[in-house]
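Let's walk through a protein fold together, one piece at a time. Have the structure open and turn it as you read.

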Amino acid sequence: MTFVETLDYRGKRCPLPVIGLAKRLKDAPPQTTVRLLADDPAARVDIPAWCRMRSAELVSAVDAEDHVVYTVTQR
């Protein structure tokens, strides 16, 4: 798993974390992996739902001190 970049959306509210992820992975080749940092409670629902709709894989969602680190791979 190769990480392309980390997107920091801490302090940004819905729907900005999902929009940022969608923009980054829009034209990404398969197997592109991105970390997204978000502290918006809605991201816990929005990120997995977006992954299901867009054929991306939510590899992990790990709680950090004040946010969640989502790892998403483009299929």
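Start with strands S3 and S4: seven bridges join S3 to S4, and the two run antiparallel. Strands here count as paired if DSSP finds at least two bridges between them. Helices (H or I, at least four residues) and strands (E, at least two) are DSSP runs, numbered from the N terminus. To find one spot in this pairing, look for Glu57, which stands opposite Thr73 in S4. S3 and S4 form a hairpin, with four residues between them.

A quick word on what you're looking at: this is a predicted model, where local features need pLDDT of at least 70, side-chain atom pairs count only at pLDDT 80 or more, and totals for chains, interfaces and linings use all residues. Residues are numbered from 1 along each chain as its sequence is written, and side-chain values use heavy atoms, with hydrogens and water left out.

Now zoom out to the whole sheet. Strands of a sheet pair through backbone hydrogen bonds, either parallel or antiparallel. In this model, four strands make an open sheet in the order S1-S2-S4-S3, with mixed pairing. At the edges sit strand S1 (3–9) and strand S3 (56–63), each pairing on one side only. From one strand to the next, the twist averages 20°; axes are lines fitted to C-alpha atoms, for helices over the stretch in contact, and angles run from 0 to 180 degrees between N-to-C directions.

S1 and strand S2 (residues 33–38) run parallel and are joined by six bridges, with Thr6 opposite Arg35 in S2. S2 and S4 pair in the antiparallel sense, also over six bridges, and there you'll find Leu37 opposite Val69 in S4.

How many of the residues of S4 are buried? Seven of its seven, where buried means under 20% relative accessible area, exposed over 50% and partly exposed in between (1.4 Å probe, protein chains only). Val68, Tyr70, Val72 and Gln74 point one way from S4, while Val69, Thr71 and Thr73 point the other way. Thr73 has a partner, too: its side chain makes a polar contact with the side chain of Thr33 (2.8 Å). A polar contact is a pair of N or O atoms within 3.5 Å; within protein, one must be able to donate a hydrogen and the other to accept it, and residues adjacent in sequence count only if both atoms are side-chain atoms. Thr33 belongs to strand S2 and counts as buried because its relative accessibility is 1%.

Next, the helices. Helix H1 (residues 16–25) lies across S1, S2 and strand S4 (68–74), running at about 155° to S1. In soluble globular proteins, nonpolar side chains tend to be buried together. Leaving aside residues up to four places away in sequence, Trp50 touches Val18, Leu21, Ala22, Leu25, Ala56 and Val72, contact meaning heavy atoms within 4.5 Å.

Finally, read along the sequence: the chain follows the pattern β-α-β-α-β-β.
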